Amino acid sequence: MQEQNHAAILTSPQEIAALNHQISEWFLGHYIQLLCAIGVGVVLFFALLSFRRFAENFLKRSAFLSEWTTLAGEAIGRTHAVFLAILTIRLVTAYFDHSSRLSDVVQFLWVIASTFQFATWARQLILGLISYRVEQSNNSNRNLDSALNLIRLLVTVALFAIASVVVLDNLGVNVTGLVAGLGIGGIAIGLAAKGIFDDLFSALVIIFDQPFMKGDLISWKDTTGTVEKIGLKTTRIRAGTGEEIIVANNMLVNVEMHNLSEQTRRRFSLQIGVVCSTSPDQCEKLISILREETAKIPLCQVARSCMTGIGASSFDFEVVCDVQSGSFDDYFSVRTQACINILKRLETEGIELAYPTVTNYNYNAEKSGKLEEKKD
């Protein structure tokens, strides 16, 4: 009965008339200030819209264009007009007199708008960075595209769930139980899908850290091959012998690997043995010959040329060279040319290469002063 009387009083013609009178008096006393606030607000709102457009275009087309400036420009382009409108109202009301009730309403709207806007910016930066890395990896795979769709969903749900909790907390709601429930639920999902997430995040590690990319020649353990596809769970590699090798992503992330495509030079060494009848002067000259004949080959840089030892049936020499190219074709071409040049020069100098020899001593021949030598 009291509630009915209270409702009747609030909706009575006398109350309505009194409220209208108060509003009219306030408007008559503040209409100039109100019109100025509206004018300033409209100008400021369109200025913010223009600044958003300018900043987005500037960051995308600036002279110092880079990955991060592009991502920042795309994030700024995701700034909502509602957020700018509430920002305008907040700025305007800060410089004009207003009631505490209006201040509370503006603060309430600002908390909601700013929190979800920051979540939108974070989402755009994270997803933009992931998409950029995928494009850089030069990988076109439907499985990986499906994984990216899943990642977009997970990132969106996670960020906006956090934003919702922050908004509720700022509005005075006790979110302790909600946070605990979300944490337990996340742990349960993580344990249930551990295998899937393990391979998924291993694929992301490969994309972001880029230990190798599609088309790279890699070597691990006893296997060497060219990367053909980086998938959600596995990476497909084409071996030099022709077969396709399928390796789990988490195995590639957790083992030592050699990326042969990143080589800028390749080293080879040639061991040469000459007969033991070679004179010391010829041995000394041979060291210079090896250096000269390899140094004149394009892309070949001599690291060292030396005599390595005196063997049972030969004097041993070695020349070590660096091919200033990562190409296997250049490597084998230089190595082949080095062998041919050395053989030609040894023939010209009359230096004989050693080959296995066996000397047999015959007692009767030794007594007669004769030695029989057998060469194999």
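In this predicted model, ring pairs join Phe83, Trp110, Phe118 and Trp121 into a cluster. Phe83 belongs to helix 4 (residues 81-93) and Trp110 to helix 5 (residues 100-136), so the pair ties together parts that lie 27 residues apart in sequence.

Another of them is formed by Phe45 and Phe46. Their planes meet at 75 degrees and their centres are 5.6 Å apart, so this pair is edge-to-face. Phe45 is buried, at 19% relative accessible area. A ring also takes part in a charge contact: Arg266 lies over the face of Phe328, 3.9 Å from the ring centre.

The largest nonpolar core holds 22 residues. Phe268, Val274, Leu286, Leu290, Phe317, Val319 and Ile342 have the most contacts inside it. Strand 6 (266-274), helix 10 (280-295), strand 7 (300-310), strand 8 (315-323) and helix 11 (328-349) each give two or more residues to this core. Ile342 illustrates the packing. Leaving aside residues up to four places away in sequence, Ile342 touches Leu270, Ile272, Leu290, Glu293, Thr294 and Val319. A second, separate core has 11 residues, among them Ile218, Ile237, Ala239 and Leu252.

Ile218 also has a place opposite Asn259 of strand 5. Strand 5 pairs with strand 1 (residues 217-220) over two bridges, in the antiparallel sense. The two strands are part of an open, antiparallel sheet of five strands, ordered 4-3-2-1-5. Strand 4 (244-248) and strand 5 (258-259) form the edges. Each has a single partner strand, so one side of each lacks a neighbour in the sheet.

No disulfides are found in a search of the whole structure. For Cys283, the closest cysteine sulfur is that of Cys276, at 9.2 Å, which is too far for a bond. Cys283 is buried, with 6% relative accessible area. Cys321 is likewise in no disulfide. The nearest cysteine sulfur to that of Cys321 belongs to Cys300 and is 3.8 Å away, whereas the cut-off is 2.5 Å. Cys321 counts as buried, at 0% relative accessibility.

Terms used: Residues numbered from 1 in each chain as written. Predicted model: local features only at pLDDT ≥ 70, side-chain atom pairs only at ≥ 80, totals over all residues. Heavy atoms only, no water. Core = buried A, V, L, I, M, F, W, Y, C linked by side-chain atoms within 4.5 Å. Buried < 20%, exposed > 50% of the residue type's maximum accessible area, 1.4 Å probe, protein only. Helix = DSSP H or I, 4+ residues; strand = E, 2+ residues; numbered from the N terminus. Contact = heavy atoms within 4.5 Å. Pairing = 2+ DSSP bridges. Phe/Tyr/Trp six-rings, centres within 6.5 Å; stacked < 30°, edge-to-face > 60°. Lys NZ or Arg CZ within 6 Å of the ring centre and 35° of its normal.
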